Amino acid sequence: MPEIAVDRVEFDDRGPRTTYDEFVVGESLGSMEWTVARDAVAGLLRNDQDQHEWYDEDSPAGYPVVPPMATYPPVRMLFTRRHNVRGVFYRFRSEFVRPIRYGETLTITGSVCDKYVRRDREYVTYEATAVDADGAVVFRTWRTHALDYITRDRPRSGKGVDSGLLS
């Protein structure tokens, strides 16, 4: 069977996709405020079929807690506000200093902390830290994305689809 050549996506409805060379290690991703809305988290829990009594009732912390995966969308949004990427999720690490309360407003800041090529694919790692109103760290996270599942020897051309979920 002949091999089908597939090119990497060059742009989508948001414009040109960020290229590997445009990422600068140490570059700030800026900051954003995230108010943890119970209804938004409930939708995420339904979608992920993630249920635990601590999310709705008192936990050992003395109050209902926000599930750790609820931190994924705001940190990803911080990244995609600065860079137009649609990658393949590769690695994820988080450290939670204390549980998050519903209704709490956190300030999230981030930066690009690494980029590398492995097996002819491009990877970017970014980190983020969330602090509460008193400036105390609530969580830290490090995330690595493969910028494309197609190897970097393939050219960029054509228009891709933007899901719009995190824009």
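# Legends for the close-up views

**View 1. Strands β6 and β7 in the predicted model.** Strand β6 (residues 121-131) and strand β7 (residues 137-146) run antiparallel and are joined by nine bridges; two strands are said to pair if DSSP finds at least two bridges between them. Helices (H or I, at least four residues) and strands (E, at least two) are DSSP runs that are numbered from the N terminus. Within this pair of strands, E127 stands opposite W142 in β7. This is a predicted model, in which local features need pLDDT of at least 70 and side-chain atom pairs count only at pLDDT 80 or more, while totals for chains, interfaces and linings use all residues. Residues are numbered from 1 along each chain as its sequence is written, and side-chain values use heavy atoms, with hydrogens and water left out.

**View 2. The open sheet of five strands.** The strands of this sheet follow the order β3-β5-β6-β7-β4, with antiparallel pairing. At the edges stand β3 and β4 (88-96), each of which has a single partner strand, so one side of each is left without a neighbour in the sheet. From one strand to the next, the twist averages 20°. Helix α2 (residues 72-82) packs on the sheet, where it touches β3, β4, β5 (105-118), β6 and β7, and its direction makes about 140° with that of β3. For such values, axes are lines fitted to C-alpha atoms, for helices over the stretch in contact, and angles run from 0 to 180 degrees between N-to-C directions; contact means heavy atoms within 4.5 Å.

**View 3. Strand β5 and its two partners.** On one side, β3 and β5 pair in the antiparallel sense over seven bridges, and the bridge partner of S31 in β5 is T109. β5 is also joined to β6, with which it runs antiparallel, by 11 bridges, and here S111 stands opposite E127 in β6. β5 and β6 form a hairpin with two residues between them, and R119 in the turn has a positive phi of about 50°.

View 4. A search of the whole structure finds eight aromatic pairs, where rings of Phe, Tyr and Trp (its six-membered ring) pair if their centres lie within 6.5 Å, and planes under 30 degrees apart count as stacked, over 60 as edge-to-face and the rest as tilted. One of these pairs is tilted, because the rings of Y72 and F92 have their centres 6.2 Å apart and their planes at 35°. Y72 lies in helix α2 and F92 in strand β4, so this pair ties together parts that are 20 residues apart in sequence. F92 has a relative accessible area of 29% and is therefore partly exposed; buried means under 20% relative accessible area, exposed over 50%, and partly exposed in between (1.4 Å probe, protein chains only). F79 and Y126 form a stacked pair, at 3.9 Å centre to centre and with 10° between the planes. This pair links distant parts of the chain, with F79 in helix α2 and Y126 in strand β6, 47 residues apart. Both F79 and Y126 are buried, and together with F23 they form one aromatic cluster.

**View 5. Arginines over tyrosine rings.** A charge sits over a ring if NZ of Lys or CZ of Arg is within 6 Å of the ring centre and within 35 degrees of the ring normal. R101 lies over the face of Y63, at 3.6 Å from the ring centre, and R152 lies over the face of Y20, at 5.3 Å from the ring centre.

**View 6. D132 in the loop between β6 and β7.** D132 lies in this loop and has a relative accessible area of 13%, so it is buried. A polar atom of the D132 side chain lies 3.0 Å from the backbone nitrogen of D134. Leaving aside its neighbours within four places in sequence, D132 is in contact with R98, E104, T105, L106 and V138.

**View 7. V25 in the loop between β2 and β3.** V25 is found between β2 (15-16) and β3 (28-35), and at 47% relative accessibility V25 counts as partly exposed. When its neighbours within four places in sequence are left aside, V25 is in contact with V112, C113, D114 and K115. V25 and V65, which are 40 residues apart in sequence, are 34 Å apart in space, C-alpha to C-alpha.

Conventions. A polar contact is a pair of N or O atoms within 3.5 Å; within protein, one must be able to donate a hydrogen and the other to accept it, and residues adjacent in sequence count only if both atoms are side-chain atoms.
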